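Please look at the sequence and the 3D view before reading on.

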Amino acid sequence: MTVPSKEILLSVSGLRKAFGGLVAVRDVSFEIARGSIAGLIGPNGSGKTTVLNLITAELSADAGSIRFRGEELVGRRPFEVCRARIARTFQLVRVLPGMTALENVMLGRMFGAEPASPTVAAHEAEALIERVGLGGQAHMFGSQLTYIDQKRVELARALATRPQLLLLDEWLAGLNPTELKVGIALIRQIKAQGITIVMIEHVMEAIRALCDTCVVLNAGEKIAEGTPNAVLSNPLVMQAYLGADPGAEDAAA
Ligand code: ADP
Ligand code: MG
């Protein structure tokens, strides 16, 4: 598939969200080019997850605009955002515990952007389960899966909805070094398939390996934007990470 390299898929402008007196997201604007991987980074509590929650309409924006393929998303409901072809995973996983891994993924296909019958959904879910490295565990219940495997289910379920934009909230966190390599390769494959990705991530190795651009938040505000190398060597960004070297692995993330 050939696409113009600079086509803007997602455009966030003047986005704001306050929780009582706490302004979690303050006048944040950025654009995501179709086909790219963008990192959304910043210290804990800087508003990254809130931005994803605003894009997917889990939360309603106090001000600002979120345009996806030119259409306004502010004011939509979560299922409408899903059907507009935006899918996500959650920082705190949300797999349905009483359903099997396969059934969780089937739901994405049956109720996503291209709703399909259970038979078609099951067939595709099996392939996706393999692809995310869960082969052999398709019939285990969500509640029986390890945390990492639940994250794999969430990724497969997100892909099953047929997204053009995939939002990952610390999807690589908690993987061991071998799993991290596999995870990075998987995200690269998803991009190669033509899906645009916004990833919140603390694992800088993954940011450097995968991201075309990064947006950096601190205390709800965008403080930097650019290539991973440029933003990670930006003094403002280093300061935001409280003097920590953002090039260092955040093993605790
Ligand atoms: P990050 O993902 O960058 O760690 P979050 O977006 O989760 O940060 O949170 C940004 C700030 O908003 C934090 O201070 C957090 O405590 C607060 N916050 C997030 N969600 C809520 C909520 N639903 N109600 C109240 N405060 C919230
Ligand atoms: Mg978060």
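## A hairpin and its sheet

In the hairpin of β4 and β5, R69 takes a positive phi near 50 degrees, and two residues lie between the strands. The model is predicted, so local features need pLDDT of at least 70 and side-chain atom pairs count only at pLDDT 80 or more, while totals for chains, interfaces and linings use all residues. Residues are numbered from 1 along each chain as its sequence is written, chains are lettered from A and ligands numbered from 1 in the order in which they are written, and side-chain values use heavy atoms, with hydrogens and water left out.

Helices (H or I, at least four residues) and strands (E, at least two) are DSSP runs, numbered from the N terminus. Two strands pair if DSSP finds at least two bridges between them. β4 and β5 pair in the antiparallel sense over two bridges, and F68 has E71 in β5 as its bridge partner.

Which strands form the open sheet, and in what order? Four strands form it, in the order β2-β1-β4-β5, with antiparallel pairing. β2 and β5 (71-72) are the edge strands, each pairing on one side only. In a regular strand the side chains alternate between the two faces of the sheet.

## Strand β1 and its partners

β1 (residues 8-19) pairs with β2 in the antiparallel sense over eight bridges. I8 has A33 in β2 as its bridge partner, and K17 stands opposite V25 in β2. The hairpin of β1 and β2 has two residues between the strands, and G20 there takes a positive phi near 60 degrees.

β1 also pairs with β4 (residues 63-68), in the antiparallel sense over five bridges. The bridge partner of S11 in β4 is R67.

An N or O atom in the side chain of T50 is 2.6 Å from an oxygen atom of ligand 1. For K48, a polar side-chain atom lies 2.8 Å from an oxygen atom of ligand 1. S46 instead uses a backbone N or O atom, 3.1 Å from an oxygen atom of the ligand. The protein covers 60% of the 560 Å² of accessible area that ligand 1 has on its own (Shrake-Rupley method with a 1.4 Å probe; for residues, only the protein chains shown count as cover).

## The largest pocket

On a 1 Å grid over the protein atoms alone, a cavity is a set of points where a 1.4 Å probe fits but cannot get out, and a pocket is an open set with protein on both sides within 12 Å along at least five of seven lines; lining residues have an atom within 4 Å of a point. The largest pocket has a volume of about 480 Å³, where grid points are joined across faces, edges and corners and a volume is the space filled by probe spheres set on the points. Of the 20 residues that line this pocket, C82, R88, F90, R157 and T161 are the closest to its centre. α2 (78-83) provides the largest share of the lining, four residues.

Notes: Polar contact = N/O pair within 3.5 Å; in protein donor to acceptor, adjacent residues only side chain to side chain.
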